[in-house]
Amino acid sequence: MKVTFWLLDLNYESNNDVPEIWIWGVTDSGERVLIIDDHPIAYFYAVLEENTDPSKVVEEINKCHLKCVSSLEIVDRKFFGKPVKAVKVCVKMPNVMPEYAKTLRKLEGVKDCLEDDIRFAMRYLIDNNVVPSTWHEAEVTEDSDKRDAHVDKIYLAKTSPRVLEKTQLPPLRILGFSTIYYSKEGSPNSERNPVVMISTATNGGEQKQLLAGDDRNDKPLLESFIEYVHNIDPDIIVGYGNNGQDWPYLRARCKKHGIRLGVDRTQTEPHTSVYGHVSLAGRANLDLADYAGEFPEVKVKTLANLADYLGVMKIENRTIIEDIDIPDHWDNKEKRKILKQFSKDNTQCIMGATEAILDFAIQLSSLVSLPLDHVGTAAAGFRVESFLIKKTHPLGELVPRRIEQPYRPYAGGLVLQPIPGLHENIAVLDFKSMYPNLMIVHNLSPDTYVSPKDPVPPGGVNEAPEVKHMFRKEPPGFYKEVLSYLIQVRDQIRLGMSKLKAGTAEYRLLDARQKAVKIITNASYGYAGWVGARWYVKPVAEAAAAWGRHTIMTAIDMAKKENLKVVYGDTDSIFIENQPQKINHLSKDIQEKMGLEIKPDEIYTRIFFTEAKKRYAGLLTNGKLDIVGMEVVRGDWANIAKKVQEKVLEIILKEQSPKKATDFVHEFIYELRQKHVSYRDLIIWKTLTKPAEAYEVNASHVEAAKMLRAKGWELAVGDKIGYVVVAGEGRLYERVKPYMLASYDEVDLEYYVEKQVVPAAARILESFGVTEEQLLQARNGQKETRKLTDFFGA
DNA sequence: GCGTTCAATGTACCT
DNA sequence: ACAGGTACATTGAACGCG
C-alpha cells in the first residue's frame, strides 16, 4: 500500500543492532504516522592514492577483519573537482564508521577516508533524496511489531520515500507555551526555584494556564502540563528560549519530583542534541528565539520586542514584568492577576510570531534539507553547507572533512568616500546579487580553482584581477550549478507570486520560500571564505571580492563617461545623479560589458552625507526618511539621542533649516533637563561579547553586568545589558547601573546631554556650521520658544 | 603631579 | 561558528610639561 505524508521529523534508532530510520509524518488526511525504514545503508569512502591498484587496497581492507563491514565496492568519485578512485565501505552499523575510517587511513594506498563524519539521518536524506518539511509518497506495509510510538499508524517502508510536488502544508497541530519561574535570588535555578506558571495556546484557538499551588509546589503543574501536551498531541511545539532555558529547566524540575517529562511521541524525555536544539521524538520543537536574528531592526531580542516589531502585540498596550519583579507579583493576590495576564500575553506573542515565522522555517528546512527542529539552531554557514552536501551528491563530489585552518584575512569590497553635504535627486544603482553572479560568470568554485602548481587546463582559465587566482572555464563548477539553480528558482517563485493576491496562504508560502532561497544565495560568498567551511577555498572568496572591486570601479568609470556625477558607492552600489535616460543607457552598457545586471534601487529626492562612509540619510520619493548607519539605527545609543537625531535629519532633509533643527535641539535639551523624557529612553544597551572576566579594559556594560551577577543574575555571552549613567565621580564605567537597579533620581542627565544628545545632533548639524558648543548653549530667553509638541506634534 | 595624546579595545553597523 | 570595511566612544598608558 501507498502512504502520502509530510515529513515532520526523523531519527535513527538501533533495534537489536539493526539500524532503523524512523520517519515521522502527517498525512494529507491528518493522520500521524511513523514509517520505519529498516534497510538504511551506512557507508564511508576510502579514497585511494593516485596510481594505486584498487583491488590491492580492497585486499588490504579485507585483511583488517573489520567485522561490521558488509561490502566493498570500487567507485569513481570527484574530490574538489578532481577524479578519484575510492572504495565504498558499507557497514552494518553507522556508529563504527569513525573508528573504521581511522584504521583504514593508515593503510598503504589509502589517501584519506571521507564521509564517515556525515550523521546517519543526513546520510539517509541524501542517498534517498528524502527532504524534511516536504511531501513524500512511500510504498509501505503495516508494521506487525509492537513499537512504543504514539501515532495513528506505524508502517514499514518497502521502498524509500519519493518526494512529491505539493506545496500546501498538512493540517499541523501547533502548541505554544511560555513559563514563569519563581526566584527571589536572581536567575532561576532548577535546583531550588519552581516553575509557577505555564501558559499554553494552540493554533486551534485553545488557551490554558497551569499554575503551581500557593505553596509554589510545581509537581502537580508539571504533571498536568505533561498530560496536556499528550492530549493535544501537537506536531510542533513552539516557545521563546525553550532550547536553552525551558526544556532543560522543566526536565530538571521533573527529575527533582521523580517524574518523567514525557512530552514526545515515544516514551523518552526531551534531549539537547550536539547541534544545540532540543529534540522531541516525533514532534518538531521550535524556538522562535533562533529566528530573531532574521529581524536586525529588533535590537534587543526579547519576545515582547519581536512581537511588537511583527505587529503581533504592541508593547505600549501591555504591561511588561521584569524578571526581578516576578516573585513580588506572584506573592501578591492582586498583582498575580497582572502576572497571569503577562504570561498569557507572552504565549499569544509566541503564537502570533509563529504565524510570521513558521512558513519561512519550513521552507528553509525543505530547501537546505535540515529537519525543522534543527534548521533554526543551525548557523548560516551550516545551512549553506547542508544545502551544498545535498546538491553535490548527485554530481559525485565527495564531502570534504572539516579541517582546522589558520585564519588569513583578504581584501573585500570597495567603499567610496562620499561627497559631504546635501545632494538633490540621487539614484542608487545596485548590482543584483553581485557576488553570486560573479561566481557564476567567472566559474569561481572550490572545484574549478587552478592552483599555480597545477597545469593549465585545455579549456583555458579565467584570471581574477589583482589577486590573479585562476579558475578553469569548463566544465561548470558546482557553485555555478547551484547558484544558477537558486537564482533561477527565486525568479520563478517571484513570477508565481506576481500572479497571486498578496496575503493569500499560497502567496505567503511562496514569499517564505523566496526568502529562504535568497538568504542561502547571499550567504554563499561568505561561506566560501569561512575557515570553518568543509569546502573552504580562500581564493574563491578572494577572487569574488577582487572581481567585485573591478566591477564597481568599471561601473564608476562608465558613469563618469556618461557625465553622471558619482557621490558615493559601497561594494555593489553606486549613488549617482538621477538622469533616467543616461542611467538606462548606463545599465545596458554595464550589462553588456560585464554580464551583470545593475538596476536602480532607491531614488532620493535629497540625500545627506557627512565625511564618514557607511552613514547617510536620504529623503525617498514617498516622503519617508531612509537612515543608514547613523545613531538613529544603532542599538547602542539611548533612545533620546536617536529621537533627536532623527528629528534633526527630518528637518534638514525636508525643510533644509539648520536654524529650526538647532532650535529643536535646544528645546529638547531643556525638556530633558526637566526630566520630561521617559526613563526607558535613557537606557543604553550593549552586548556582552565574552565572559565578564575576559575583558582587557573596564567597560560600562561589563560593570553593569557584574552588578547584576552580584545579585544572582547569571549572564551569558551574547546577552544584551541595559544600563543607565548615574551621577557620581570617576570614569564612566564607575558611574553606570543596570537600569532595573537604578532610579530616575540617580541619573546623570548632563551625561545624556553632553555625550548622547549633543554628539548625535552635532553629527548632522556640524555640516551646517553648528558646533557642539552652540548646541549646548541654553535657551536664550526669547519669549517665543518652541515646545517639543511643535516638532513632534501634539 | 596633572593634562594631553594616541593606540588599543570594544561594539555595532553596511554591503 | 558566513565575509571584509568602517565609524565611533572609551580606556589607559605614554608623553609632555619643568
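In this report, Ala, Val, Leu, Ile, Met, Phe, Trp, Tyr, Cys and Pro count as nonpolar, Asp, Glu, Lys and Arg as charged, and the others, Gly among them, as polar. The model is predicted: local features need pLDDT of at least 70, side-chain atom pairs count only at pLDDT 80 or more, and totals for chains, interfaces and linings use all residues. Residues are numbered from 1 along each chain as its sequence is written, chains are lettered from A and ligands numbered from 1 in the order in which they are written, and side-chain values use heavy atoms, with hydrogens and water left out.

**The surface near DNA strand C**

A residue is near the strand if one of its heavy atoms lies within 4 Å of it. By class, this surface has 17 nonpolar, six polar and six charged residues. Of the 29 residues around DNA strand C, those that come nearest are Gly 381, Tyr 410, Gly 412, Lys 613 and Asn 698. Sugar and phosphate make up 85% of the atoms of DNA strand C that come within 4 Å of the protein.

The table lists polar contacts, that is, pairs of N or O atoms within 3.5 Å; within protein, one must be able to donate a hydrogen and the other to accept it, and residues adjacent in sequence count only if both atoms are side-chain atoms.

| Side chain (N or O atom) | Distance to a phosphate oxygen of DNA strand C |
|---|---|
| Tyr 407 | 3.2 Å |
| Lys 613 | 2.8 Å |
| Arg 763 | 3.2 Å |

Helix H10 (380-392), helix H13 (505-528) and helix H19 (749-765) are the elements that give two or more residues to this surface. Helices (H or I, at least four residues) and strands (E, at least two) are DSSP runs, numbered from the N terminus.

Two strands pair if DSSP finds at least two bridges between them. An open sheet with antiparallel pairing has its six strands in the order E22-E23-E18-E24-E25-E26. Strand E22 (566-569) and strand E26 (625-628) are the edge strands, each pairing on one side only.

E22 and strand E23 (residues 573-577) run antiparallel and are joined by three bridges. Gly 569 stands opposite Ile 574 in E23.

**The sheet of four strands**

Another open sheet, with antiparallel pairing, has the order E5-E6-E4-E7. Strand E5 (69-79) and strand E7 (110-114) each have a single partner strand, so one side of each is left without a neighbour in the sheet. E5 is joined to strand E6 (residues 82-91) by 10 bridges, and the two run antiparallel. Phe 79 stands opposite Lys 82 in E6.
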